[in-house]
Amino acid sequence: QIQLVESGGGSVQAGGSLRLSCTMSGYISGTYITAWFRQVTGKEREGVAVVVGDGSAYVVDSVKGRFTISRDNAKNSLYLQMAGLRPEDTATYYCAADRRPTYFSRLFQSTTYNYWGQGTRVTVSS
């Protein structure tokens, strides 16, 4: 099993920045895909950003140019640097991981990932 713990959430003004961290522990050898998702009350969990085993990173259109995902294998950590935050970015953010590679089209689907953190809340006020 892999344990994931998010941190770094908080409340910021529109236009502000936050850096989310996800620390992975347990049996993480061979972990291939890692991602950040977010969820608001009453809506489905939404894929935000993904980094795969070779280091390639992808973000959803709504955060392009504002969010950057990165992974530090030496520290067993995943990060989401968020800038230019908007009220619509308000959500609980979750990190996720899986040991299996998958088709590109499935990277932003929550069902792809077996391991999840507890979530960290991000609130952006206008």
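**Labels and their cut-offs**

Mentor: F37 counts as buried, at 0% relative accessibility. The model is predicted, so local features need pLDDT of at least 70 and side-chain atom pairs count only at pLDDT 80 or more, while totals for chains, interfaces and linings use all residues. Residues are numbered from 1 along each chain as its sequence is written, and side-chain values use heavy atoms, with hydrogens and water left out.

Trainee: Why is F37 called buried?

Mentor: Buried means under 20% relative accessible area, exposed over 50%, and partly exposed in between, with a 1.4 Å probe and protein chains only. F37 has 0%, so the label buried applies.

Trainee: Why is W116 called partly exposed?

Mentor: The value for W116 is 22%, and therefore W116 counts as partly exposed.

Trainee: What makes F37 and W116 an edge-to-face pair?

Mentor: A pair of aromatic rings is described by the distance of the centres and the angle of the planes. Rings of Phe, Tyr and Trp (its six-membered ring) pair if their centres lie within 6.5 Å; planes under 30 degrees apart count as stacked, over 60 as edge-to-face and the rest as tilted. The centres of F37 and W116 are 5.0 Å apart and their planes stand at 65 degrees, so this pair is edge-to-face. The structure holds four aromatic pairs.

Trainee: Which parts of the chain does the pair of F37 and W116 link?

Mentor: F37 is in strand β4 (residues 33-39) and W116 in strand β10 (residues 115-116), 79 residues apart. Here strands (E, at least two residues) and helices (H or I, at least four) are DSSP runs, numbered from the N terminus. Ring pairs also join F37, Y113 and W116 into a cluster.

Trainee: How do you know that Y58 and F104 form an edge-to-face pair?

Mentor: Their rings are 5.0 Å apart centre to centre, with 80 degrees between the planes. Y58 belongs to strand β6 (residues 57-59) and F104 to the loop between β9 and β10, 46 residues apart. Y58 counts as partly exposed, at 29% relative accessibility.

Trainee: What makes the charged end of R45 sit over the ring of W116?

Mentor: A charge sits over a ring if NZ of Lys or CZ of Arg is within 6 Å of the ring centre and within 35 degrees of the ring normal. The charged end of R45 is 4.8 Å from the centre of the W116 ring and sits over it. The charged end of R19 likewise sits over the ring of Y79, 4.2 Å from its centre.

Trainee: Why are C22 and C95 called a disulfide?

Mentor: A disulfide is a pair of cysteine sulfur atoms within 2.5 Å. The sulfur atoms of C22 and C95 are 2.1 Å apart and form a disulfide. By this rule the count is one disulfide. The link of C22 and C95 is right-handed, with 65 degrees about the S-S bond. C22 lies in strand β3 (residues 18-26) and C95 in strand β9 (residues 91-98), so the pair ties together parts that are 73 residues apart in sequence.

Trainee: Are these cysteines buried or exposed?

Mentor: C22 is buried at 1% relative accessibility, and C95 is buried at 0%.

Trainee: Which residues have the most contacts inside the largest nonpolar core?

Mentor: A nonpolar core is a set of buried Ala, Val, Leu, Ile, Met, Phe, Trp, Tyr and Cys residues joined through side-chain atoms within 4.5 Å. The largest has 26 residues, and those with the most contacts inside it are L4, W36, F67, L80, M82 and Y93. The elements that give two or more residues to this core are β1, β3, β5, β7, β8, β9 and β11 (120-125). A second, separate core of eight residues includes I33, A35, L107 and Y113.

Trainee: Why is N76 called partly exposed?

Mentor: The relative accessibility of N76 is 29%, and so N76 counts as partly exposed. N76 is found in the loop between β7 (67-72) and β8 (77-82), and its phi is near 50 degrees, a positive value in a residue other than glycine.
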